[in-house]
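Have it open while you read.

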Amino acid sequence: MPAMQIASNSASPLAVVSLRVFPVREPVSHRSYTVVKLTTRSGISGYGECGAASAADVAKATAVVQGKPATAVEVIRTQLAPVANMQAAVNMALLDIVGKHTKAPIYRVLGGPTRNKARVLTALSGNSDEALVEALKVSAARGHRAFMVQLQEGQAAHPNRIAKTFDKLRAAGGENVDFALDGAAALSPGVAGTICDALERFHLLWFDEPCPSLNIAALQKLALERVTPLGFGRSIHSGVGFQNLLRDGALDVLRPDIARNGITQIRRMAAMAETYYTAVAPYHDGGPIASAAALQLAASLPNFFIQQIPAPQAEEDIRMRASITGASIEAVKDGYASLPTGPGLGITVNEEALAQYAERAA
Amino acid sequence: MKRRELFTTAAGLFAAKTALGGIDCGCAFSPPQNALGGDAFHSVGSKIKITNVKVFGVSLTPTSDRPYVFVKIETDAGVIGWGEGTLEGKAAAVMACVNDFREFLIGSDPMQVEHHWQSMYVHSFYRAGPVIGSAISAIDQAMWDIRGKVLGLPVYQLLGGPVDPKGVRGYYHARASSPAELRELRQTAIQQGVSCFKTGIPEYYEFIETHAKIKRAIKHMEMLRENLGPDLDIAVDFHAKTSPSVASVIVKEVEPLRLLFIEEPCPPENVKAMARIAKRSTTPIATGERLIAAYGCRELIEMGVVDILQTDINHVGGITALWKVAAMAEASGIVMAPHACEGPIGAIASVHVDAAMPNFLIQEICSGVEPGPNEKVWAEWMGFPIMRMVDGRFPLPTKPGLGFDLTEDALKKYPFGGTRPMARVFHHDGSVAEW
């Protein structure tokens, strides 16, 4: 009887043989991100995306993925944990390869789809009520129904002024739009609590990063006394941070950054959150490849609520994002994005566009 | 060839072990099968023995998702007992589980209900979830029915009741959806002496919800209070449709409505999660219909999460377990409002336990002010309008045991239509919703 075949990593057709990075930048917003490309021995390419990556990060990631089969997602995730950004991008790229190899969208590989479309959140920018109202109208006309609103300068100390802003936004958007408030982790729990009181009648989807999330005891003032849902996670890159918040009843929405965690890691965080009846709403302020990854993730989770997707106002930026992924996968209709249906991430990355929008060293 | 040898050897080992009286548990730990059990009580038992255990699936409509699971225990004294273990959506599983207990029950003394309860629960090793819990519930109720008949007393008297001879206060479901219907319901309630209604919140909820949906839930509850009036008690069942995040927002806003309670504001697995709602609300919180045995309620009671427990006599472990939950709850100032949304046997068994609870609040029946088709069948079976209130209360039966006569013949019109799953509901993006 022949000896059982042991999966030999480097001889596998799915073994990763190269890793390339493409730093790109949006022409108007100057939002920049790094596209990561992995290629296997069999010639399948997979793409991922993260924020800025240093040469050292890239070298570390290359050393870890080299020769490993693209299916070794968990092994690679663990070994790349210290390099959050590359871990995230590599994870998307690996799953893109697995999807292409199996000719299935990633959500199907992962046991989905759990839904047939994904609710989308987008940030409104503007430092006056008028600017915010205008931004809301533009985004609403593009199909958006849920908006992240940033506090305006000097507003934090005046909760009634914030309420006035929301009165205007509500009047402009009607009863069927929704808002989350971005505290940018810059408030004290006391101030955040006063803002919750002033805004209770608006039924915010949640108050995002009202204050730093490291001091959970300080957060309790907010979590135990107010009913406004709290979202944290932009700076959390491991399950531990979320577990601490969930255990102490201080978290209603998990907001891991798709570009700093990747698909697999957020699925693990979501699995834990399910047992607290808590939703996952990944943060995202990068490019369209990570948006595609986020949509794949959304359709693999039972407790997904909404995906933040940047919606640049400038036509040039919008064009760039669409050209990178072959076509726009970020279009929103009545508050929802469609799920990609092609294999892997469901996009065809256009490397000419990556070259065209390459971020040049300053 | 080698595989065959392996099987032979394994079978041989198993045979050798059982011949020696051991149990092959597949581990290194084989407890001896001692000969005690029934014989250990030879000198102190009642001399009555169980001769047969029959289980019936009863479907009032061929496609019912909750065929009743009734158990009939027969004894050599000629006394029989009925119990119910209806488990919505899982009838056949409970029926199979009752039969798993059959061999152990036959020849046992039906008067030793506490002892047999312990054996069914403890010796099930994995403890009881809803299937085992419902099977134990049915067997337990049937034994109590027999015990009452043998001792010549209604079960509530065996339990030390009644606390109130006028019966136990109950509530119907408010089957009304418009303000006009609710105002009419109020008039009927006043005429009938009914003092409380329960209804559910509309729609399905994601873990975070939109302003529009939260508003609709609140408006719905305001409509109930406005039209049912200030003097009727109103309970609102969230049915675990909401997360702690969403429930907390809604509950805070309906505090001025002074509801009797809100029920299952989040699903039952995470007690700390429910505590988040309780800590931020002054409206009493009720839960427990999905919990099994007093063990299942301990953490809720200990953490001060609930004001009202609603364990269901058809799942919690019958009369024995419902009574224990109430006893433990009393020590923490928690009152009881048992759930009843299945058949008439469990419902009336619940009334018996209620009547003996010093910390009783109210008894549910999933019925309206007008009896529906199910209640008409029940009356036909039992010969009296079982589980219909008089002046806002369920009257106490006066006959020994559970206080009704039921024949197998009466059930024959409603043969078992098979297990049907409970409702499967989805959000508008196709994802799974709680209902």
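Which residues of chain A are linked in a network of salt bridges?

1. That would be E26(A), R31(A), D285(A), R321(A) and E330(A), which are joined in a network of salt bridges. Keep in mind throughout that this is a predicted model. Over all chains, the structure holds 44 salt bridges.

2. Now the pair that crosses between chains: E206(B) and R119(A) meet through their side chains in a salt bridge, at 3.0 Å from N to O. E206(B) sits in the loop between strand 5 (196-200) and helix 7 (211-228) of chain B, while R119(A) belongs to strand 4 of chain A. Both E206(B) and R119(A) are buried. Between chain A and chain B the count is 4 salt bridges.

3. On the interface as a whole, 34 residues of chain A are in contact with 31 residues of chain B. The two chains bury about 2800 Å² between them, with carbon and sulfur atoms giving 52% of that area. On the chain A side, the residues that lose the most area to chain B are H203(A), V227(A) and Y277(A), and together they make up 32% of what that side buries.

4. Polar contacts deserve a look too. Across the interface of chain A and chain B, 21 residue pairs are in polar contact, with both residues at pLDDT 80 or more. On the side of chain A that touches chain B, the elements giving two or more residues are strand 4 and helix 8 (216-225) of chain A. The residues of that side divide into 15 nonpolar, 8 polar and 11 charged.

5. R298(B) pairs with E302(B), their closest N and O atoms being 2.9 Å apart. Both lie in helix 10 (residues 295-302) of chain B, 4 residues apart, or about one turn of the helix. R298(B) counts as partly exposed because its relative accessibility is 39%, whereas E302(B), at 56%, counts as exposed. The other salt bridge joins D65(B) and R66(B), with 3.1 Å between the closest N and O atoms. R66(B) has a relative accessible area of 22%, so it is partly exposed; the cut-off for buried is under 20%.

6. Next, the backbone. Most peptide bonds are trans, and most residues other than glycine have a negative phi. Which peptide bond of chain A is cis? The one from G112(A) to P113(A), with omega near 0°. P113(A) lies in the loop between helix 4 (106-109) and strand 4 (117-124) of chain A. In chain B, a cis peptide bond joins G161(B) and P162(B), with omega about 0°. P162(B) is in the loop between helix 5 (155-158) and strand 4 (168-173) of chain B.

7. A185(A) is not a glycine, yet its phi is positive, about 55°. A185(A) falls in the loop between strand 6 (178-182) and helix 7 (189-199) of chain A. With 32% relative accessibility, A185(A) counts as partly exposed. R258(B), likewise a residue other than glycine, has a positive phi near 50°. Look for R258(B) in the loop between helix 8 (244-253) and strand 7 (261-263) of chain B. Is R258(B) buried or exposed? R258(B) counts as exposed, because its relative accessibility is 60% and the cut-off for exposed is over 50%.

How values were computed. Residues are numbered from 1 along each chain as its sequence is written. Chains are lettered from A and ligands numbered from 1 in the order in which they are written. This is a predicted model: local features need pLDDT of at least 70, side-chain atom pairs count only at pLDDT 80 or more; totals for chains, interfaces and linings use all residues. Side-chain values use heavy atoms; hydrogens and water are left out. Buried means under 20% relative accessible area, exposed over 50%, partly exposed in between (1.4 Å probe, protein chains only). Contact means heavy atoms within 4.5 Å. Buried area is the accessible area (1.4 Å probe) that two parts lose on being put together, summed over both. A polar contact is a pair of N or O atoms within 3.5 Å; within protein, one must be able to donate a hydrogen and the other to accept it, and residues adjacent in sequence count only if both atoms are side-chain atoms. Ala, Val, Leu, Ile, Met, Phe, Trp, Tyr, Cys and Pro count as nonpolar, Asp, Glu, Lys and Arg as charged, and the others, Gly among them, as polar.
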